[in-house]
Amino acid sequence: MTEIPKEEYLFKCTSACAGCSSSLVLRYVLKAAGPDTVLVMPACCTSVIQGIYPNTAMNVPVYNVAFAAAAACASGMSASFRAAKKSTNVIVYAGDGGTVDIGIQALSGAFERRTDFLYICYDNEAYGNTGMQRSGATPTGARTTTTPGGKPDTKKDIDRIVEAHDPPYMATACSAYPHDLFKKVTKALSIRGPKFIHVLAPCPPGWRYPTEQTVEMGKLAVKTGMWVLFEREYGKVTINGPSRAAMIKPLPVEEYLGPQGRFKGISREAVDALVSLARRNAKRLSLEEEGVC
Amino acid sequence: MLTIATGNKAVAAAVKQVSPEVIAAYPITPQTEIVEQIAEYVTNGELKSQYIPVESEHSAMAACIGASITGARTFTATSSHGLLYMHEMVNWAAGGRLPIVMANVNRALGPGWNIWAEHTDSMQERDTGWLQVYVSTVQEAYDTTLMAFRIAEHNDVLLPVMVNLDGFSLSHINQSLETVDLGDFIPPLRLPHAIDVKNPRGYGPLTGPEDYFKFRWDIERSMRDSVKVVESTEKEFFRRFGRSYGFTDDYQCEDADVVVVSMGTLGKEAEVSIDLLRKEGIKAGSMRIRWLRPFPKLDLKGRDVVVIDRDYSFGYGGILADAVRSKCRADPYSVIAGLGGQEVTYDDIAGFIRGRRPGEESWFGVTPDV
């Protein structure tokens, strides 16, 4: 078992919703990163969660910046720190909308320029802060306030987009697996260059499930194979334990979709599309892991 | 050292001497020469800056913001569509109280594509909390860029400064340039609110109306305080290097019955018109506005005023004419001229002054009476 430090950098006075998994994610990210860290934050749920001026729940400096600007802002910050021979961790902590939609150009630019930083996308699969509008990361069939009939389109595969930039390290994680997340953040920060961690962060009000099920919901995402935990280190893929088990014998997808109000009344075709996408993704990753492709 | 340079090269030369820690920029005509020259300086080791070749102007300003908040001196350059593309971050830089210096090579906005001089680009940024200065010669571009860093980084200011130079008619014009031995003219930057991991703070979090309102007032207070800093910087520049410019560059205004007010290269052109008119016995003067923000006090009482706007606010009027009208209680003859690089000669300007009709507006070469 990994030893997780007792020090807290996210205090208990956040403005997070009950059962918020993204604040759990942030808590473990900061425990792994430690005090020599600056967070760069575009508009996202954590813009609010961190507290309202003059109070803050954060015990590391947080630079809030415009929605599309996080990765570029981090580029400047990282360049300045490294020029001053400072090894301060520069971590972008951004939601899925700020990553896969409006922030994708800056993200792509920063990765292409080999910026020394860690980009963490916590993915609650919609614009949560503004009340759950669809994002490019919303899965097929999910009802949001702007897809009241369920999203007809497919979730954008940001991991493959980031992969195309050939970063030295990238991974997926899930709020329900904090040790796995902690290890990945620690590893990412030990590597120089652009790193990416994509964390699934279930959202009780947005996904419409009871707050006490937030950890369970993350586990179900992994156990049904709808979310795959993997790392890509210098191009080499490793599928992590829980997902390896899920690939052999996944739980029925209904166990994950059923408790979520956002999937209420989802069509059979949409469920099939979700499952087929997940299986295709898992297959591709395992082939890559085996070195077949 | 006496040399010959374009407006762009003069800006780059000044930036080299100031040596910002971080420069982030994206190329756009007619600014390209500035970033190319800086990239060359960095590559050949003459400039020790971190040069970040960003993928957009929005990211250029964002990268400058990220660097600046660590306490680093930063610079960028842009033009026209690039300036407007970074508009959101232009606001963020001022709101974040970051002393970033930016050169903007004034250029018209599309459509249609037009790469020539016009001021509408930077005029659209006039309410962002940036200090704005407009220059008219290669020497002035160089001197003002140097001064911009000292002013922006002054503890009583801590606001970004935009140095504006006309596309092509200054950016690509060769003139003589006297470079200076900078010495300690620009002291080291000490940003009081720089990020310090030992003293973690939240920057720009959710802020309620009352606190937000105070922060806005604080920008305006510093903008007002910047007047003295601009004056003292000009004074110090003159003491050390023998050149000064002022908030406005006045030419034969003392006894003038009519004053033509303009910005940028047209203001230099206007000086020739004044000579011409004086020979005809018309007591004319030229007042070239250098600092648009903070807007200077202009002494125009008891004279006819002609304002040349190389910009326009549709459905309203010339932006400079509006400022002169409201700030100086003048009733100027508003001439809209030079949009999209339209050629405006000293003869033309002399014509505006001779044929002035206070209170009216004319579009040079478009409305039939100019």
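## Where the two chains meet

In this predicted model, the contact between the chains draws 39 residues from chain A and 34 residues from chain B. On the chain A side, the elements that supply two or more residues each are strand 1 (37-41), helix 2 (45-49), strand 2 (62-64), helix 3 (70-83) and helix 5 (104-112). Helix 3 of chain A is the top contributor to that side, with ten residues.

## Chain A as a whole

Chain A has twelve helices and eight strands. Along the principal axes, its C-alpha atoms fill a box of roughly 55 × 45 × 40 Å. For 293 residues, a compact globule would have a radius of gyration near 19 Å, and chain A comes in at 18 Å, so the two agree.

Buried residues account for 57% of the 293 residues in chain A. As for who touches whom, take the contacts in chain A between residues at least 6 apart in sequence: 70% of them join residues at least 24 apart.

## Two helices in chain B

Now over to chain B. Helix 1 (residues 7-18) and helix 7 (residues 138-153) of chain B have axes that come within 8 Å and cross at roughly 30°. Angles under 35 degrees count as roughly parallel, and therefore helix 1 and helix 7 of chain B are roughly parallel to each other. Their crossing is right-handed.

Here's who does the touching: helix 1 of chain B brings G7(B), A10(B), V11(B), A13(B), A14(B), V15(B) and V18(B), and these meet V138(B), A141(B), Y142(B), T145(B), L146(B) and F149(B) of helix 7 of chain B. The residues of this contact split into eleven nonpolar, two polar and no charged.

## A closer look at Q132(B)

Q132(B) sits in strand 6 (residues 131-134) of chain B.

Leaving out residues up to four places away in sequence, Q132(B) touches S122(B), R126(B), M162(B), N164(B), L292(B) and R293(B). Then there's V227(B): 95 residues separate it from Q132(B) in sequence, while in space the two are 12 Å apart, C-alpha to C-alpha.

Note on methods. Residues numbered from 1 in each chain as written. Chains lettered and ligands numbered in written order. Predicted model: local features only at pLDDT ≥ 70, side-chain atom pairs only at ≥ 80, totals over all residues. Helix = DSSP H or I, 4+ residues; strand = E, 2+ residues; numbered from the N terminus. Contact = placed C-beta atoms within 7 Å. Axes fitted to C-alpha atoms, helices over the stretch in contact; angles between N-to-C directions. Parallel < 35°, antiparallel > 145°, perpendicular 65-115°, else oblique. Left-handed = near helix turned anticlockwise from the far one by under 90°. Nonpolar A, V, L, I, M, F, W, Y, C, P; charged D, E, K, R; others polar. Rg over C-alpha atoms; globule rule 2.2 N^0.38 Å. Buried ≥ 20, exposed ≤ 12 C-beta atoms within 10 Å, placed from the backbone.
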